[in-house]
Amino acid sequence: MLERKTRKNRAEVTFVLPADTPPGPVSVVGDFNGWRPGVHTLQPRKDGRRAVTVGLPLKSAHAFRYLAAGDYWFDDEAADAHDGVNGRVHT
């Protein structure tokens, strides 16, 4: 699931997943972080889900995927669009 907030000069996109699906650490990787795992690792929230917020330029589009333990790559069905195996988020 994606949550968005518009700030004065950027968009804040929060990537949200259930607490244990999949189990273990999960990172969101995409063109906004050079596809580097571990840069944006989802952290537990009070509501039991995991999330990480990424600041992105307004009026832009970005490709992303999730990477879980064991080299398990997966997509977000709630992405704004899909480009092959990658999800797309539009700000």
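This is a predicted model: local features need pLDDT of at least 70, side-chain atom pairs count only at pLDDT 80 or more; totals for chains, interfaces and linings use all residues.
Four strands form an open sheet in the order β1-β2-β5-β4, and their pairing is antiparallel. The edges are β1 (2-6) and β4 (43-44), each of which pairs on one side only.

Now cross the sheet strand by strand. A hairpin of four linking residues takes β1 into β2. These two strands pair antiparallel over five bridges. Within this pairing, E3 stands opposite T14 in β2. On the way to β5, seven bridges join β2 to its antiparallel neighbour. Here V13 has V54 of β5 as its bridge partner. P44 takes part, with R50 in β5 as its bridge partner.

Look again at β2. Is this strand enclosed or open? Seven of its seven residues are buried, so β2 is largely enclosed by the rest of the structure. Side chains in a regular strand alternate between the two faces of the sheet. In β2, both faces are covered. A11, V13, F15 and L17 are buried on one side. E12, T14 and V16 are buried on the other.

The next stop is the largest nonpolar core. This core has 17 residues, and F15, V28, F64 and Y66 touch the most other members.

Is S27 buried or exposed? Its relative accessibility is 8%, below the 20% cut-off, so S27 counts as buried. The side chain of S27 has polar partners. One of its polar atoms lies 3.0 Å from the backbone nitrogen of G38. A polar contact of 3.4 Å also joins the side chains of S27 and T41. Leaving aside residues up to four places away in sequence, S27 touches P37, G38, H40, T41, L42, R65, Y66 and L67. Y66 in that list is also one of the core residues that touch the most other members.

Finish at D83, in strand β8 (residues 81-83). Its relative accessibility is 45%, which lies between the 20% and 50% cut-offs, so D83 counts as partly exposed. How far is D83 from P23? Their C-alpha atoms are separated by 26 Å, and the two residues are 60 residues apart along the chain.

Methods:
Residues are numbered from 1 along each chain as its sequence is written. Side-chain values use heavy atoms; hydrogens and water are left out. Buried means under 20% relative accessible area, exposed over 50%, partly exposed in between (1.4 Å probe, protein chains only). A nonpolar core is a set of buried Ala, Val, Leu, Ile, Met, Phe, Trp, Tyr and Cys residues joined through side-chain atoms within 4.5 Å. A polar contact is a pair of N or O atoms within 3.5 Å; within protein, one must be able to donate a hydrogen and the other to accept it, and residues adjacent in sequence count only if both atoms are side-chain atoms. Contact means heavy atoms within 4.5 Å. Two strands pair if DSSP finds at least two bridges between them.
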